[in-house]
Amino acid sequence: MSQPTGPASRSHARKQPAPPPEPMDVTLTINGSRKTLRVAPWTSLLDALRLHLDLTGTKKGCDHGQCGACTVLVDGRRINACLTLAVMTEGRAVTTIEGLADGEALHPLQEAFVEQDAFQCGYCTPGQICSAVGLLEEGQARTDDDIRELMSGNLCRCGAYPNIVAAIRQVMDSQPASQDGGTP
Amino acid sequence: MRAFSYHRPDSVDAALRGVAGQSGTTTEAAVKFVAGGTNLLDLMKADVMRPERLVDISRLGLDRIEETADGGLRLGALARNADTAHDERVQARYPMLSKAILAGASAQLRNMATNGGNLLQRTRCYYFYDTGTPCNKREPGTGCGALTGVNRIHAILGASDRCIAVHPSDMCVALAALEAVVRVSGPRGERTIPFADFHRLPGDTPHIDSNLAADELITAIDLPAEGFADHSTYLKVRDRASYAFALVSVAAALEMDGQTVRTARLALGGVAHKPWRDPAAEAELAGRPASLESFRKAARVLLRDARGQSHNAFKIGLAERAIVRALAEAAGVEHP
């Protein structure tokens, strides 16, 4: 391998670093409540949830959009919270795993994950469930193969995939509307 | 991630003012637009890209998909990849494009990523991402780690001795085959860039991915009326069944007269610094019977100058077989 390059040789290294920009106010709706945060521009939505709002249900896995552990719903659509800046979500409605249950009543997907034993260590589970909520909302899945394909952005190192598919299938089958496709 | 300032303008003009005065091309710029953020923020975390200022364009509109006067479709630059792939008109008239988009990334990323951003995503070469190694794309003049390193995923066509990286997009391969047109706004007004001229080969300037200027904004991508809906496909070959970049991909589109090919479009992904098209290979197909034999002949024409690196010579045979299969699927010809 050739010699590594030091920072000094970097053509676009900054000579005089500018003072860090001021934190910014962001107002968004988190699990139904309006919140205003003061965050640095480079704070990811994931870090804002975990570090500023103490919503630690959303997990940091790879922090690069490859594992899906940070999946949350923004305006009802599943996204990777690690690849979104908190400041970009101004005015949006964010739903995390903490916002899915209705009081003590679990969301149907949470119940199905319990019934189908769709996890071992549980670390990826909040992301899996939020992703599955998005999948059902999108209404594109018909078959188990569709579920596998459309859940491929959520990795499970324990390999609970068969039971994850079964849990999603269970909820899909109990919701006739999603069988006709719904609206994307 | 390094510190940067963040701005969210409320109009295209205000967004353009945010990048006014920048010279060169967008890949070198210190002020960057962000929309989906799926690639840029990842590269900023890796310290590969170091913008000083982000201009958030995600709320400028530009997210509609509309009919054009000549019977085509205009895809807004800020329409999300998922919304584009699932648009009924795209599915009915440009099924190859819909298939290509859905072959890329994950559902979450497709919900975030925009059409304009898809064009501007950067290579997934491991050495480009690893700031501890030399890379002419990341740090011009430092050398290429991939040339003598691990280069399984790298180019077999159009590479230079400075860079053997490949463009990672699936969507762009279909857009190349469709001969889409990129619409751009800037301080000099609006202009259009034919898709074939949008991305660049590495040559001596591998740090420049595209011909978009640093003070310009992609506003839309126009699809011509001809979508090859009856005889086209997108075939992606990768190391796992889903959520992986292409080793080789093929967008194949045919116009047929019975069992004869009238015209053909072929674009390859995963093999070069830009979606790869070859007029000679397409001419080889025109007027010939739709048969595995003539498809194989065209594939060999397309790959006549292909050159493997130390770990990726397998891509040449893989590309030949993928081209034959994609053309057979597009033509409705039985294949092994």
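Predicted model: local features only at pLDDT ≥ 70, side-chain atom pairs only at ≥ 80, totals over all residues.
Good morning. I begin in chain B, with B:Cys125, which is in contact with B:Ala146, B:His154 and B:Ala165 once its neighbours within four places in sequence are left aside.

Where does B:Cys125 sit in chain B? The residue belongs to the loop that connects helix H7 (115-120) with helix H8 (126-129). Is B:Cys125 buried or exposed? A residue counts as buried if 20 or more other C-beta atoms lie within 10 Å of its own. B:Cys125 has 26 other C-beta atoms within 10 Å, and therefore it is buried. As for B:Glu226, 101 residues away along the chain, its C-alpha atom is separated from that of B:Cys125 by 34 Å.

I remain with chain B for its contact with chain A. Chain B contributes 32 residues to this contact, and chain A contributes 35 residues. On the side of chain B that touches chain A, at least two residues each come from strand S1 (5-7), helix H2 (40-45) and helix H6 (107-112). H6(B) gives the most to that side, namely five residues. In terms of class, the side of chain B that touches chain A comprises 15 polar, 11 nonpolar and six charged residues.

Let us now turn to chain A itself. Its secondary structure consists of six helices and five strands. Read from the N terminus, the order of elements is β-β-α-β-β-β-α-α-α-α-α. Chain A has 184 residues, of which 41% count as buried. If we take the contacts in chain A between residues at least 6 apart in sequence, 59% of them join residues at least 24 apart.

The next topic is the pair of strands S1 and S2 of chain A. Strand S1 (residues 24-30) and S2(A) run antiparallel and are joined by seven bridges. Within this pairing, A:Asp25 stands opposite A:Arg38 of S2(A). The two strands form a hairpin with two residues between them, and A:Asn31 in the turn has a positive phi of about 50°. How many of the seven residues of strand S2 (residues 33-39) of chain A are buried? The number is zero, so strand S2 of chain A lies largely in the open.

A contrasting element is helix H3 of chain A. Helix H3 (residues 125-138) has 14 residues, and from its first C-alpha to its last it reaches 20 Å, close to the 20 Å expected at 1.5 Å a residue. H3(A) is mostly covered, for 13 of its 14 residues are buried. After H3(A) comes A:Gly139, with a positive phi near 70°.

Finally, I come to the domains of chain A. The chain is divided into domain 1 (24-99) and domain 2 (108-175). Between the C-alpha centres of these two domains of chain A the distance is 21 Å. Contact between them involves 15 residues of domain 1 of chain A and 13 residues of domain 2 of chain A. Which elements give two or more residues to the side of domain 1 of chain A that touches domain 2 of chain A? They are strand S3 (71-74) and strand S4 (77-80) of chain A. S3(A) gives the most to this side of domain 1 of chain A, with three residues. By class, the residues of that side divide into six polar, six nonpolar and three charged.

Thank you for your attention.

How values were computed:
Residues numbered from 1 in each chain as written. Chains lettered and ligands numbered in written order. Buried ≥ 20, exposed ≤ 12 C-beta atoms within 10 Å, placed from the backbone. Helix = DSSP H or I, 4+ residues; strand = E, 2+ residues; numbered from the N terminus. Pairing = 2+ DSSP bridges. Contact = placed C-beta atoms within 7 Å. Nonpolar A, V, L, I, M, F, W, Y, C, P; charged D, E, K, R; others polar. Expected span 1.5 Å × (residues − 1). Domains from an automatic or database assignment.
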